[in-house]
Amino acid sequence: MTEEVKTQNNEPVKPNSGGNFMRQYGIWIYAFGYFAAYWPYSAITKLVTDRQIADRLADGSWLKPIAAALPGAEVLPISVFASVIGMLLFLTFKKLWKYANYYKIGPFNIPGPDKYTFMSGICSSVIIATTTLAYTFTGVSVIFIMLIMRGGLLILGPIIDLLNKRTVRWFSYAGMILSLISLIVTFYMKQSGESFDFLKAFGSEPMACIINVFVYLAAYFFRLSLMSQKAKSQDEDTNIRYFVGEQLTSSPTLFLMILVIAVMNVDGWTFSNQLHDGITSIFAYPYWWLVFLIGIFSALNGIFGGLILLDKSENTYSIPVNRCSSIIAGLCATGTIAIMTGGTVNLEEIVGAGIIIFAILFLTLPLVFAKKS
């Protein structure tokens, strides 16, 4: 018989006293952590998977063996496994296991999520996979795909707040319009005077890239809706319990799904075959440890990103803080790759990123000033 236990050994969870400083500025500390992890995460993923980067490098370049143009799905097994390890280490180091729900199975108390954090964690696992895959499409730069995903989420923010009966102020709508303008300007400038071709902007596999973005945004929509209903509370312990439950679901569930599909190795199913190669052949790549690093940085993204979004403030505030960190990191990653590989940073992507950052500041600053008044 399975019995749900609220805390380990039936002991009540003591209130978390993070201190006044963390209560006031914690979201910005998490934002810096998100930025610091997202920069190498996106840069390394792009470097080891993009065919154009591999073709651009001269044979004598020290980067040539690193830029192996690995298929996107092939990097998932080891990177997601590393994310699971990173998540478990973080929960242990921060002593957060007491916030988990515990289920008594025979003589064991097993930590796990409740039904809401399980559903949110499933959404998070989809976000982990689609985010990593987004940076593996050939011909699509880090900052461009980031603008599409981040701009789309900024547009969703006020919609989620309205559906969950949270107040949406005028500057939120202004920020949403600026996000739309950013996407339109980026697409328009990317055509370089040619006839408009929407699909051209999404690289050599446009439909796969667009579907990936759509699934990413859909997963975020359901995840943030659940957070708005069941967390984002004034009670810090409620938010931490939600965070722990979600973490215990997201990367472990994704890894199990990847493992099952990889072991199946279905003939003619490219995704399954590439996942299988990601387990059986990845260690033939001499820099496989870089793929492991992708997973560690991905775990940190999930940790810091989740803590930002679980902040008690409305989505109109927490989403821009989250997005601003990643867009600046994306600009840094794009610049880093350009310097290392002799590439360029496209003007339309800089302009688009600038408009998005302006939209984020437009959304965030009125709330910052309101908190201080």
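Student: Taking contact to mean heavy atoms within 4.5 Å, which residues does Thr45 touch?

Tutor: Leaving aside residues up to four places away in sequence, Thr45 touches Thr132, Tyr135, Thr136 and Ile294. Please note that this is a predicted model, in which local features need pLDDT of at least 70 and side-chain atom pairs count only at pLDDT 80 or more, while totals for chains, interfaces and linings use all residues. Residues are numbered from 1 along each chain as its sequence is written, and side-chain values use heavy atoms, with hydrogens and water left out.

Student: Where does Thr45 sit, and is Thr45 buried or exposed?

Tutor: Thr45 belongs to helix H1, residues 20–49. Helices (H or I, at least four residues) and strands (E, at least two) are DSSP runs numbered from the N terminus. Thr45 is buried, at 0% relative accessible area. Buried stands for under 20%, exposed for over 50% and partly exposed for what lies in between (1.4 Å probe, protein chains only).

Student: How many helices and strands does the chain have?

Tutor: The protein chain has twelve helices and three strands. Of its 373 residues, 53% are buried.

Student: What share of the contacts comes from residues 24 or more positions apart?

Tutor: Among contacts in the protein chain with a separation of 6 or more, 79% join residues 24 or more positions apart. Ile148 lies in helix H5, residues 142–163, and is buried, with a relative accessible area of 11%.

Student: What makes something a pocket rather than a cavity?

Tutor: On a 1 Å grid over the protein atoms alone, a cavity is a set of points where a 1.4 Å probe fits but cannot get out; a pocket is an open set with protein on both sides within 12 Å along at least five of seven lines, and lining residues have an atom within 4 Å of a point. Grid points are joined across faces, edges and corners, and a volume is the space filled by probe spheres set on the points.

Student: Which helices supply the lining of that second largest pocket?

Tutor: Helix H4 (115–134), helix H7 (206–230) and helix H9 (270–280) each supply at least two of its lining residues. H4 gives the most, with five.

Student: How many cavities of 30 Å³ or more are there?

Tutor: There are three cavities of 30 Å³ or more. The largest cavity has a volume of about 190 Å³. Its lining comprises 17 residues, and Tyr34, Ile127, Tyr220, Asn301 and Gly302 lie nearest the centre.

Student: Which helix gives the most to the lining of the largest cavity?

Tutor: H10 gives the most, with six residues. Helix H10 (288–309), H1, H4 and H7 each supply at least two residues there.

Student: What lines the second largest cavity?

Tutor: The second largest cavity, with a volume of about 70 Å³, has a lining that includes Ser83, Met87, Gln247, Ser298 and Gly302. Gly302 is also among the residues nearest the centre of the largest cavity. H10 again gives the most to the lining of the second largest cavity, with four residues. Helix H3 (76–93), H4, helix H8 (236–264) and H10 each supply at least two.

Student: Back to H7. What is its reach from first C-alpha to last?

Tutor: H7 has 25 residues and spans 36 Å, close to the 36 Å expected at 1.5 Å a residue, where the expected span is 1.5 Å times one less than the number of residues. Just after H7, Lys232 takes a positive phi of about 50°.

Student: What is the phi of Ala69, and of Asn265?

Tutor: Ala69, which is not a glycine, has a positive phi of about 50°. The residue is found in the loop between helix H2 (51–56) and H3 and is buried, at 12% relative accessible area. Asn265 has a positive phi near 45° and is likewise a residue other than glycine. Asn265 lies in the loop between H8 and H9 and counts as partly exposed at 27% relative accessibility.

Terms used
Contact = heavy atoms within 4.5 Å.
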